[in-house]
Each structure stands twice: as structure tokens, then as C-alpha cells.
Amino acid sequence: PPKSYKETQFETILNSSIIPIRDLRKLAWNGIPAHHRSKVWKILLSYLPANTSRHTSTLLRKRNEYKDAIKQHYDIPDESRTNSEQETLRQVLVDVPRTAPEVPLFHNDRIRRSLSRLLYIWAMRHPASSYVQGINDLATPLISVFISGYFPNKDVDEEVLSGEVMIDVTDAILEEVEADTYWCLTNLLAGIQDHYTSDQPGMQRMVMRLEELVNRIDADLAGHLRETGIEFMQFAFKWMNCLLLREFRLQRVMRLWDTYLSEGDGGFEDFHVYVCASFLVHFSAELQLMSFDELFQFMQNMPTDDWGDREIEILLSSAFVLSTLFGGSEAHLNVVRN
């Protein structure tokens, strides 16, 4: 079939000797074709440099560095780990089997081994944050997209997320995916570091901003939640901690992340709050008819199973409108405390 205009634009940008990052962000904001996503995400996460002639050597160097980290932190006798290191490892090994339970790919033992290893090594290398639940979820879109990158002709839902692809994933491919995921997760988390330090101040801040925003844009809904006694912390903390990964199917999250990564530094923090506000207000009419118990149930399991990219794009558009109305002057989002 003839290539679409968008497809041609992506190819032109990705084939440049120096990738124009601003143009790439602009283009990727509206969604990245699945077969380009792996490479574009690595560029937008500053894992791959803009200079394409350095891609091969960068990957080689970073993957070797990660191999050294495995030797240093992971492939060591248990008795040489401190108590707190053993505790972190135990926590990771408990969380990994619970990660993305509805996605068969993450039931695969080899994937679970890779995920455990990279999370543990991340924790060892970032003692200020340490490992908290939620970080395991953030690795899932990266692993899925990077595996898909090796098999551009395989359908993401039917063959990759279903786990079928693992027959073709050699150990060598998985080693590369694990290393790339480690570095990209590291870069992603560096931008939202205080979301995962003790007490998670970043999360608290985002929940407060969400509440303030909903007060502004949908006073009736905010009033109803207050009257029924539902607090934003009760449902929105999870939305911040797991970046809505538990509210949408993984394929939808990939589309969401195309835009977040294109937003630059604030994508996973500022823009995410606008997306959460749009998401909540989307269900406003239904929510305003519900009692405490009904609300609580509804918030635990938002009805998005049948959402496609179109619904995600409507959500992103309305989040963009909110960001232009309320962005820029941070004063509007400072919660007034009497």
C-alpha cells in the first residue's frame, strides 16, 4: 500500500543524519506508527543521540555498561547483599509476578526474569529513591514496544502482548531489550524522581493539582465528590503512581506515551494531570448520580476496555485544551489553603 503522508514524514526525520528533535516531537505528539515507535521512544528519552551516526556505538556502549552492572549487583552470592538489598530484591520478586496480570507477555518466565533484574539494578543504582511499587508498571510499555521493534510485521496486540512472539525472541534479543529498558526507564524516572522518594511528594503534588483543576473546570462534579465523601487521594494516587497504566489496556498506554514523551520534560507530570482531569470529567454525568459505594467501585475499575486510539486521542485533545487554558501560570494550580 502507498505510504501515508505521516509515514513519509517520520521516515524523512529518522533518516536525517542529525535528527531534528523539535520536529520529531511535533510529529510524534499525534501518535507514532507502531514500527517506528521503538526507535522514536529511545530518541525522545535521550537514550539515542540526535546524531544517527552514533546510534550503533551508543547502543553497544550502554548495553555493555548494563552487562557490567548485572555482574556487579545481580550475579553475586546472596550473602554478600546487605539486609536492605535483600529486602529490595524480595520486594521486586514479589511485585514482578503481579505486573500487568492481564497481559500474557508478562506471564512469560524469561520476561519476568529480565524485569526483576533491571528493576533491582535500578534500585541499587538509585539509593535515594529506592524501589517502590509502581515502578514495575512503568517498565511494561517500554519492554513491549522494544520487543515489537524487532518484529515490525507482528501485530502488537495479537502477537506481541499475547506472548506468542516469545518463540522468536532469542536470548540475545532479550538481553538488548532488557538493557534498553533499563536505560530508558532510568531516564524516564530521572524526570519524575520525587514521585518515588519517601512520602512520594511528587504524587501528593499531582493529586492536589488534579483536585484544584477539577474544582475549576467541573464544580458540580467536585462538589458531588466532596458531598459523598470521596477524596481525590483515594482514587487519583493510583492514577499518578502508575501513570494510568492500570486504567487502560497496554496498547492504549503506548499511544498515550507517544504524546507524553513528545511533551518533553513535563509530559509525565504536568501534562499527565491534565489527562487525568479530562479522564475524570469524561465520566462526570455518570459519576454525579453515584453514591459513595458506587463511586468507589467505579473508580477501582474504570470502563475503558473497549477504548481505541480514537478515544485516547479525544482525551489528549481535551487535555491539550486544558493545558493551554491553565498552563504557564503555575499560580492557578496552587491550592489555596485557608
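In this predicted model, the largest nonpolar core comprises 115 residues, and the members that touch the most others are L105, I147, L210, W257 and L280. The greatest contribution to this core comes from helix α9, residues 171-190, which supplies 10 residues. In soluble globular proteins, nonpolar side chains tend to be buried together. For L280, when neighbours within four places in sequence are left aside, the contacts are V214, L221, L225, F232, F235, W239, L287 and M299.

In total, 19 aromatic pairs were counted. In one of them, the ring centres of F248 and W307 lie 5.5 Å apart with the planes at 45°, so the pair is classed as tilted. F248 is located in the loop between α12 (232-241) and α13 (250-262), while W307 is located in the loop between α16 (292-300) and α17 (309-326); the pair therefore ties together parts separated by 59 residues in sequence. Both F248 and W307 are buried.

W307 also pairs with F279, in an edge-to-face arrangement with 5.9 Å from centre to centre and 85° between the planes. This second pair likewise links distant parts of the chain, as F279 belongs to helix α14 (residues 267-282) and W307 to the loop between α16 and α17, 28 residues apart. F279, like W307, is buried.

K62 lies over the face of W183, at 3.8 Å from the ring centre. The charged end of R117 is placed over the ring of Y74, 6.0 Å from the centre of that ring.

At the level of the whole chain, the protein contains 17 helices and 0 strands. The C-alpha trace spans about 60 × 55 × 35 Å along its principal axes. The radius of gyration is 21 Å, which agrees with the value near 20 Å that a compact globule of 338 residues would have. Of the 338 residues, 52% are buried. Among contacts with a separation of 6 or more, 73% are between residues 24 or more positions apart. The accessible surface comes to about 15800 Å², and carbon and sulfur atoms account for 50% of this area.

Technical notes
Residues numbered from 1 in each chain as written. Predicted model: local features only at pLDDT ≥ 70, side-chain atom pairs only at ≥ 80, totals over all residues. Heavy atoms only, no water. Core = buried A, V, L, I, M, F, W, Y, C linked by side-chain atoms within 4.5 Å. Buried < 20%, exposed > 50% of the residue type's maximum accessible area, 1.4 Å probe, protein only. Helix = DSSP H or I, 4+ residues; strand = E, 2+ residues; numbered from the N terminus. Contact = heavy atoms within 4.5 Å. Phe/Tyr/Trp six-rings, centres within 6.5 Å; stacked < 30°, edge-to-face > 60°. Lys NZ or Arg CZ within 6 Å of the ring centre and 35° of its normal. Rg over C-alpha atoms; globule rule 2.2 N^0.38 Å. Areas by Shrake-Rupley, 256 points an atom, 1.4 Å probe, with all protein chains shown as cover.
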